[in-house]
Amino acid sequence: MTNKFLCDFRFLLLAAAVAFIYIQMRLFTTQSKYADRLANAVEAETRCTSQMRKLIDQISMQQSRIVDLEVKGLQRRMNKIQTPVAAVVVMACNRADYLERTIKSILKYQNAVASKFPLFVSQDGSDPQVRKKALSYDQLTHMQHLDSKLVQTERPGELIAYYKIAHDMEIAPDFFDYFEAAAALMEKDKTIMAVSSWNDNGQKQFVHDPEILYRSDFFPGLGWMLTKPTWNELSPKWPKAYWDDWLRLQENHKGRQFIRPEVCRTYNFGEHGSSLGQFFRQYLEPIKLNDVQVDWKSKDLSYLMEDKYIKLFAEILKNAKPINGADAVLKASNVQGDVRVHYEDQPDFERIARQFGVFQEWKDGVPRTAYKGVVVFRYPPPRRVFLVGPKSFELLGIKSV
């Protein structure tokens, strides 16, 4: 009995030893796995820094501005920059085919101005096809950001996809000339926070003139530019996600305004993305991408300076014919020249906007594209329709009409 007990005891010790060795091996494997991931993340960030330093050496004499194609996650990278740069940054995540389409669109017009606007692809995540596609182009610099831990949303109901977001775009032939001309305007007028290539109501049925630009109290996004001083102001508190809505808050833009075109200089073809095709067919697919080579260098954009623009806009608005009552669309179609339709509040605006088919959405008390509460679009082109808020005349200094 004693020998049998000792045998059983030794067997148990042997089993425990085997189990202990197995557990230690698994722990070692797991630790090695995460150590490798952490090392890769550190290596990637080091490579990003090195590449950004290389960019600085190449264009250190350029003006202090950044052209951005829907920037997400630039805080970590741009904080490392000590010298003014002018760069195009394309954010990518997991759609190699969309990235290729975007790069080809940019290179089509960027080659002639590559020294002014060097191209970067910033990859968020480890998708091998995206990395391979970016590295297949000699005309750009590839940067990759790897998370050392799982991404967690900050608030309930948020999508993780918005923390790893990329926008897929094609650009207009005058994209770079447009931003270069607008940059000079930004340097003169500090009330302009950013310049955008996008018009939320830029669908084909609502636009007409590719040379017209507007001021707006609403940040458009989808292809935009800001100055380095503005970036330095915003970057310390830049959010991890939903930064476009964050920029639309009064506490962040502080009353500064944005420049937008009537006809878009970017086209978003990313139907399959973080928004899962939300609004794509209704609002994004019909967008008119400018196909005219506007000579922006010969254009006088001084009319967009704050002191001049408010007077010019007020005069145009005063000359528009007022429309009252129901059936605003029908009445607008039967009037010669520009028209204006007054709305009383947000629900009333949404009702009228729904009739015309333009964006109904507001953010932080401002309708999309609005300037002093006024939303302008063509219907039908070239006639302009102005949706005028209850305080718009007061804000524009219009005393009587």
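Is Glu 315 buried, partly exposed or exposed? I looked this up in the model, which is a predicted one. The relative accessibility of Glu 315 is 40%, so I put it down as partly exposed.

**Entry 1: the pair in α10.** I then checked what Glu 315 contacts. It forms a salt bridge with Lys 318, and the closest N and O atoms are 3.5 Å apart. Both residues belong to helix α10 (residues 306-319), where they sit three residues apart, about one turn of the helix. I noted Lys 318 as partly exposed too, its relative accessible area being 32%.

**Entry 2: other salt bridges.** My search of the whole structure returned 19 salt bridges.

Lys 254 pairs with Glu 233, with 3.9 Å between the closest N and O atoms. Lys 254 is exposed at 52% relative accessibility; the cut-off for exposed is over 50%. Glu 233 is partly exposed at 29%.

Glu 262 and Arg 378 form a salt bridge with closest N and O atoms 3.0 Å apart. I found both Glu 262 and Arg 378 buried.

I also recorded a network of salt bridges that links Asp 200, Asp 245, Arg 248, Glu 361, Lys 363 and Arg 368.

I looked up the pairing next. Strand β2 (residues 88-92) pairs with β3 in the parallel sense over five bridges, and Ala 92 has Gln 123 of β3 as its bridge partner. The chain goes from β2 through α3 to β3 in a right-handed β-α-β crossover. Strand β4 (residues 140-145) also runs parallel to β3, joined to it by six bridges; here Ser 122 has Met 143 of β4 as its partner. The crossover from β3 through helix α4 (residues 128-135) to β4 is right-handed.

**Entry 3: helix α3.** I checked the length of α3 (residues 96-110). At 1.5 Å a residue its 15 residues should span 21 Å, and the end C-alpha atoms are 20 Å apart, which agrees. Its buried residues include Tyr 98, Leu 99, Ile 103 and Ile 106.

Terms used
Residues numbered from 1 in each chain as written. Predicted model: local features only at pLDDT ≥ 70, side-chain atom pairs only at ≥ 80, totals over all residues. Heavy atoms only, no water. Helix = DSSP H or I, 4+ residues; strand = E, 2+ residues; numbered from the N terminus. Expected span 1.5 Å × (residues − 1). Buried < 20%, exposed > 50% of the residue type's maximum accessible area, 1.4 Å probe, protein only. Pairing = 2+ DSSP bridges. Right-handed = clockwise from strand over helix to strand, strands pointing away. Salt bridge = Lys/Arg side-chain N within 4 Å of Asp/Glu carboxyl O.
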